[in-house]
Each structure stands twice: as structure tokens, then as C-alpha cells.
Amino acid sequence: AREIAISSSNYKEAMAKEVFIKFDMASTKLGFITTGFTGVAKQFRVSFEEQNNTLSKILVVVPVKEMDTDTDARNEKMWETSLAMSQHPEIKVDLPGPVPLQEGVSEVEGHVQIRGLFYPIKVKLELKKREGGMTVTGNAELTISGTKIPDPSIFIAKVRDRIDLSFRLDL
């Protein structure tokens, strides 16, 4: 098994890295002003097995406390209310594979664990050769309602249900 650990000291540093996990969301204020925001994982680790030119047993672990939206009040609500960090300090994504280590696009099915519960997830991957290895980029989509995260909306601001995930990893 192989493990890659990524660490940034703050939001700006994490957003500037070439290797990342990001999540995009939006909210509508007063019923008509829509604003979006991007959150990032300041720290995460990815472990996997590499055998016969395929990846398997891929596990991504993100400490909830290391998820940052660059707004302290929003972070606190996300950590404590939405993701119940004190009871569930990590979000995990398990992709059993196999994923061929060859250039191209594929879709991998697995599970994401949020608030201690497991939900199916489909991850679109694109692998590209680079000098010294491979670059893996991808995306996935979750919903607040589909993962039973308490709706973070408040009276004047409705949070969009869809969460767009994107990532890049160098192998």
C-alpha cells in the first residue's frame, strides 16, 4: 500500500496548490442574489494499492477540521452543525477499484462516509501521464439532502443542495 499526505497551513496556500480537494457550493440570499464559494481541504491523505498497472483499495481521508471555506462563521457551522465534527471527525471516501493506470477517463463507484453514515458516490477520473508519473484529476457530485446533512440554510439565505467536488493528485 502507498499513502500520500497533503498539508497546507491556511486557505490561501491550499487553494494555490496543484494537488487539492475542493468543494463548490452556492447560496441564494433574499430569494434572488446567488453567490458561490469554494472550500478546500487543507489536509488530507490518500492511500491505495498499486498492482498489475491498476489502482485498488483507494481511501481518501479528510479531517473535518481541515475543511476551510475562508469564512470563520461558515466554517464553524459546517464543522459543528452540518458535519458533527465532535462525533465524526473525518470524512472518508472508499473507492475499491480497480482503476487502470492508463491515460483516459473512467468512472469509479464507491462510498463516502459522512457523519458516520455511508452513501454511494460516483467519481469521474481522468489520468494523464506526466514526467515521472501520472496526474489524476476528477470530480464528483453529492447533495446535502442525499447525505442527510442538516440543511445549513437560514431564513435569509438558502444553500443550494448540490455540492460539487473536484480534486487533483500526482502519483
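Trainee: Which residue lies over the face of Phe20?
Mentor: Keep in mind that this is a predicted model. A Lys counts as over a ring if its NZ is within 6 Å of the ring centre and within 35 degrees of the ring normal. Here the distance from the ring centre is 4.5 Å, and the residue over the face is Lys22.

Trainee: Which residue lies over the face of Phe37?
Mentor: For Arg, the atom to check is CZ, with the cut-off again within 6 Å of the ring centre. The distance to the centre of the Phe37 ring is 3.9 Å, and the residue is Arg74.

Trainee: How many aromatic pairs are there?
Mentor: Ring centres must lie within 6.5 Å to pair. By this rule the count is zero.

Trainee: What does the secondary structure of the chain come to, and what is its radius of gyration?
Mentor: The chain has two helices and 13 strands. The globule rule gives 16 Å for 171 residues, and the chain is close to that, so it is as compact as a globular protein of that length. Its radius of gyration is 16 Å.

Trainee: What share of the contacts in the chain joins residues 24 or more positions apart?
Mentor: Take the contacts with a separation of 6 or more. Of these, residues 24 or more positions apart account for 56%.

Trainee: Which residues form the covered face of strand 7?
Mentor: Strand 7 covers residues 90–95. Its uncovered face holds Glu90, Lys92 and Asp94. The covered face is made of Ile91, Val93 and Leu95.

Trainee: Which residue in strand 9 stands opposite Lys92?
Mentor: Look at both sides of strand 7. Strand 5 (residues 54–63) pairs with it in the antiparallel sense over six bridges, and there Val62 stands opposite Ile91. Strand 9 (residues 104–114) is also antiparallel to strand 7, joined by three bridges. In strand 9, the residue opposite Lys92 is Gln113.

Trainee: Is Ser27 buried or exposed?
Mentor: Ser27 is found in strand 2 (residues 20–29). Buried means under 20% relative accessible area. Ser27 has 9% relative accessibility, so it counts as buried.

Trainee: Which residue is the bridge partner of Ser27 in strand 3?
Mentor: Strand 2 and strand 3 (residues 33–41) run antiparallel, joined by eight bridges. They form a hairpin with three residues between them, and Leu30 in the turn has a positive phi of about 55°. Beyond its sequence neighbours, Ser27 is in contact with residues including Ile33, Lys158 and Arg160. Its bridge partner in strand 3 is Thr35.

Trainee: Which residue in strand 6 is the bridge partner of Val40?
Mentor: Strand 3 is joined to strand 6 (residues 67–68) by two bridges, and the two run antiparallel. The partner of Val40 is Asp68.

Trainee: What does Thr81 count as, given its relative accessibility?
Mentor: Thr81 lies in helix 2 (residues 72–82). Leaving out residues up to four places away in sequence, it touches Glu76, Arg115 and Pro150. At 44% relative accessibility, Thr81 counts as partly exposed.

Terms used. Residues are numbered from 1 along each chain as its sequence is written. This is a predicted model: local features need pLDDT of at least 70, side-chain atom pairs count only at pLDDT 80 or more; totals for chains, interfaces and linings use all residues. Side-chain values use heavy atoms; hydrogens and water are left out. Rings of Phe, Tyr and Trp (its six-membered ring) pair if their centres lie within 6.5 Å; planes under 30 degrees apart count as stacked, over 60 as edge-to-face and the rest as tilted. Buried means under 20% relative accessible area, exposed over 50%, partly exposed in between (1.4 Å probe, protein chains only). Helices (H or I, at least four residues) and strands (E, at least two) are DSSP runs, numbered from the N terminus. Two strands pair if DSSP finds at least two bridges between them. The radius of gyration is taken over C-alpha atoms; the globule rule is 2.2 Å times the number of residues to the power 0.38. Contact means heavy atoms within 4.5 Å.
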